[in-house]
Amino acid sequence: MAKEFQKGKMVPVPSRSIVPERDVDKMPVLECSHLGIDFGGLTAVNELNLTIGRTEIAGLIGPNGAGKTTVFNLLTKVYQPTRGTILLNGKDTHGMSTTQVNRAGIARTFQNIRLFSNLTVEDNVRIGLHNQVRYPMWDGVFRLPRYWKQEKVAHEKAMELLSIFHMEDLAQHQAGSLPYGAQRRLEIVRALATNPRLLLLDEPAAGMNPSETHDLMENIIKIRDTFQIAIMLIEHDMNLVMGICEGICVLNFGEVIAKGTSEEIQRNPKVIEAYLGSGKKGG
């Protein structure tokens with residue numbers, strides 16, 4: 001019998017959205033209002049209104065081509081919105097670059113793994129630490145004490161993060177030599193190294209077998225609880241989505257057709273029609 005994961009009770013907030021009950025007295029980590037983007041004459045995302053609680057595990061689902069990855073690209077400023085507002089920790093991200101949004105608290109993984117394949121596992125994680133480990137140029141050139149102190153801090157932090165997925169023994173392996181599932185996990189660790197408040201996971205279970213997917217579910221919850229951050233994921237695997245996601249937003253043709261708990265989403269006629277009508281899941 002499959003293990004059932006404990007999910008928080010969802011309650012309404014003044015914006016008429018829902019967040020986990022434990023987050024109701026805290027500022028939402030993310031608030032999107034009337035968000036949209038056009039490419040030429042095509043509207044890819046329209047009127048997206050979304051609130052994510054401070055420690056919520058949220059899902060973004062919909063048929064292939066529904067606009068889910070486009071939403072992630074909007075949140076991380078790969079694309080600049082045509083209209084609407086994105087508030088991160090209450091701060092408007094208008095005009096921010098991808099780098100600035102990352103520093104402000106959003107990290108992500110991608111559908112297609114984007115590791116530095118020729119570098120070691122540890123070095124991939126340390127790249128994510130670039131905002132936290134700093135020393136003057138001359139300290140690095142002349143290997144002064146402050147340089148070695150910061151290097152020690154970076155090593156210890158990288159190993160601590162790798163321990164989440166029990167990958168410490170792989171620290172000196174070349175990232176590109178890892179099995180597919182391990183590369184997926186490493187990409188999550190590198191994203192965590194940037195110290196996000198909101199972690200976006202784009203199809204994290206892609207290519208994983210059922211055992212690996214179950215372990216991933218446990219680790220997503222562990223990450224949320226350990227770092228007290230919000231996590232939003234796009235995923236094909238509906239067992240994963242329904243098993244751990246507390247609030248779920250469903251897109252179809254770039255528009256929200258349903259929002260609610262996993263129980264509400266599973267019985268929503270618009271959601272059923274969108275999936276059955278397309279004959280596809282995820283995307």
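This is a predicted model: local features need pLDDT of at least 70, side-chain atom pairs count only at pLDDT 80 or more; totals for chains, interfaces and linings use all residues.
Analyst: Two strands count as paired if DSSP finds at least two bridges between them.

User: Which strands does β11 pair with, and in which sense?

Analyst: The general idea first. Strands of a sheet pair through backbone hydrogen bonds, and the sense is either parallel or antiparallel. Now the case here. β11 pairs with strand β12 (residues 255-260) in the antiparallel sense, over five bridges. With strand β5 (residues 57-61), β11 pairs in the parallel sense, over four bridges.

User: Which residues stand opposite each other?

Analyst: Take one example from each pairing. I61 has V250 of β11 as its bridge partner. N252 faces E255 in β12.

User: How many residues lie between β11 and β12 in the hairpin?

Analyst: Two residues separate the strands. One to look at is F253, in the turn, with a positive phi of about 50°.

User: Is β11 mostly covered or mostly open?

Analyst: In a regular strand the side chains alternate between the two faces of the sheet. β11 (residues 247-252) is mostly covered, with six of its six residues buried. G247, C249 and L251 are buried on one side. I248, V250 and N252 are buried on the other.

User: What is the strand order of the open sheet?

Analyst: The six strands run β8-β9-β10-β5-β11-β12, and the pairing is mixed. β8 (106-108) and β12 are at the edges with a single partner strand each, so one side of each has no neighbour in the sheet. On average, neighbouring strands are turned by 20° against each other, direction ignored.

User: Which helix packs on this sheet?

Analyst: Helix α6 (residues 180-192) does, touching β8 and β9 (198-202). The direction of α6 makes about 160° with that of β9.

User: Why is helix α3 described as largely enclosed?

Analyst: Count the buried residues. In α3 (residues 121-128), six of the eight are buried, so the rest of the structure largely encloses the helix. The buried set is V121, E122, N124, V125, R126 and G128.

User: How many aromatic pairs does a search of the whole structure find?

Analyst: One. F39 and Y79 form the pair, edge-to-face, at 5.1 Å centre to centre with 75° between the planes. F39 lies in strand β3 (residues 30-39) and Y79 in the loop between α1 (68-75) and β6 (83-88), so the pair ties together parts 40 residues apart in sequence.

User: What relative accessibility do F39 and Y79 have?

Analyst: F39 has 38% and counts as partly exposed. Y79 has 29% and is also partly exposed.

User: Where does the charged end of R114 sit?

Analyst: Over the ring of F110, 3.9 Å from the ring centre.

User: Last one. Is T93 buried or exposed?

Analyst: T93 is buried, because its relative accessibility is 1% and the cut-off is under 20%. T93 is in the loop between β7 (91-92) and α2 (98-104). Setting aside neighbours within four places in sequence, T93 contacts K77, I86, L88 and V101.

Key:
Residues are numbered from 1 along each chain as its sequence is written. Side-chain values use heavy atoms; hydrogens and water are left out. Rings of Phe, Tyr and Trp (its six-membered ring) pair if their centres lie within 6.5 Å; planes under 30 degrees apart count as stacked, over 60 as edge-to-face and the rest as tilted. Buried means under 20% relative accessible area, exposed over 50%, partly exposed in between (1.4 Å probe, protein chains only). A charge sits over a ring if NZ of Lys or CZ of Arg is within 6 Å of the ring centre and within 35 degrees of the ring normal. Contact means heavy atoms within 4.5 Å. Axes are lines fitted to C-alpha atoms, for helices over the stretch in contact, and angles run from 0 to 180 degrees between N-to-C directions.
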